[in-house]
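Please look over the sequence and the model shown here, and then read the notes that follow, which are grouped by topic.

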Amino acid sequence: TKDPKFMEKVAQGKFWVGLKAQLKSGVVGACCNQADTIVTDAETGGEEELLDREGILKGWGYPVLDTIEINEKRLKLVKIGNPWGIGEFTGDWSNTSPLWEENADVARNCKKSATEKAFW
């Protein structure tokens, strides 16, 4: 988002604290992508779904499942579910990212599963 108030909350760490508190209290979180650049996904059997360059469906909702913070690496990750079965996130920390092998301790903390329909 380009909303300056939201970006200020992110920069100040307020968004992260709020997200963690909401998930801990049982509030269901969700997110969506409003990317400007889209590509089509060949795995939909000819149906053209709008995907961004990192495999996320544009404008579709995804559940926020969990958060993890690894202070010694100054790393904050959010676990996102993919209930659609279309597309696959391909960015940093995606299921096939080399960052998992390079950071085995992070993979253990995240309980990463190759078969789970979710990504960090």
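Rings of Phe, Tyr and Trp (for Trp, its six-membered ring) form a pair if their centres lie within 6.5 Å, and a pair counts as stacked with planes under 30 degrees apart, as edge-to-face with planes over 60 degrees apart, and as tilted for the rest. By this rule, the structure holds five aromatic pairs. This is a predicted model, in which local features need pLDDT of at least 70 and side-chain atom pairs count only at pLDDT 80 or more, while totals for chains, interfaces and linings use all residues. Residues are numbered from 1 along each chain as its sequence is written, and side-chain values use heavy atoms, with hydrogens and water left out.

**Aromatic rings**

- The rings of Phe 6 and Phe 15 have centres 5.1 Å apart and planes at 75°, so this pair is edge-to-face.
- Trp 93 and Trp 100 also form an edge-to-face pair, with 5.0 Å from centre to centre and 80° between the planes.
- Tyr 62, Phe 89 and Phe 119 are linked into a cluster by ring pairs.

**Burial of these rings**

- Buried means under 20% relative accessible area, exposed means over 50%, and partly exposed lies in between, with a 1.4 Å probe and protein chains only.
- Trp 93 and Trp 100 are both buried.
- Phe 6 counts as partly exposed because its relative accessibility is 27%, and Phe 15 is partly exposed with a relative accessible area of 37%.

**The largest pocket**

- A pocket is an open set of points on a 1 Å grid over the protein atoms alone, where a 1.4 Å probe fits, with protein on both sides within 12 Å along at least five of seven lines, and its lining residues have an atom within 4 Å of a point.
- The largest pocket is lined by 35 residues, of which Phe 15, Cys 31, Cys 32, Val 78 and Ile 80 lie nearest its centre.
- By class, this lining has 22 nonpolar, seven polar and six charged residues, where Ala, Val, Leu, Ile, Met, Phe, Trp, Tyr, Cys and Pro count as nonpolar, Asp, Glu, Lys and Arg as charged, and the others, Gly among them, as polar.

**Cysteines**

- A disulfide is a pair of cysteine sulfur atoms within 2.5 Å, and by this rule the count comes to zero.
- The sulfur of Cys 32 is 7.3 Å from the closest cysteine sulfur, that of Cys 31, which is too far for a bond.
- Cys 31 counts as partly exposed at 31% relative accessibility, and Cys 32 counts as partly exposed at 44%.
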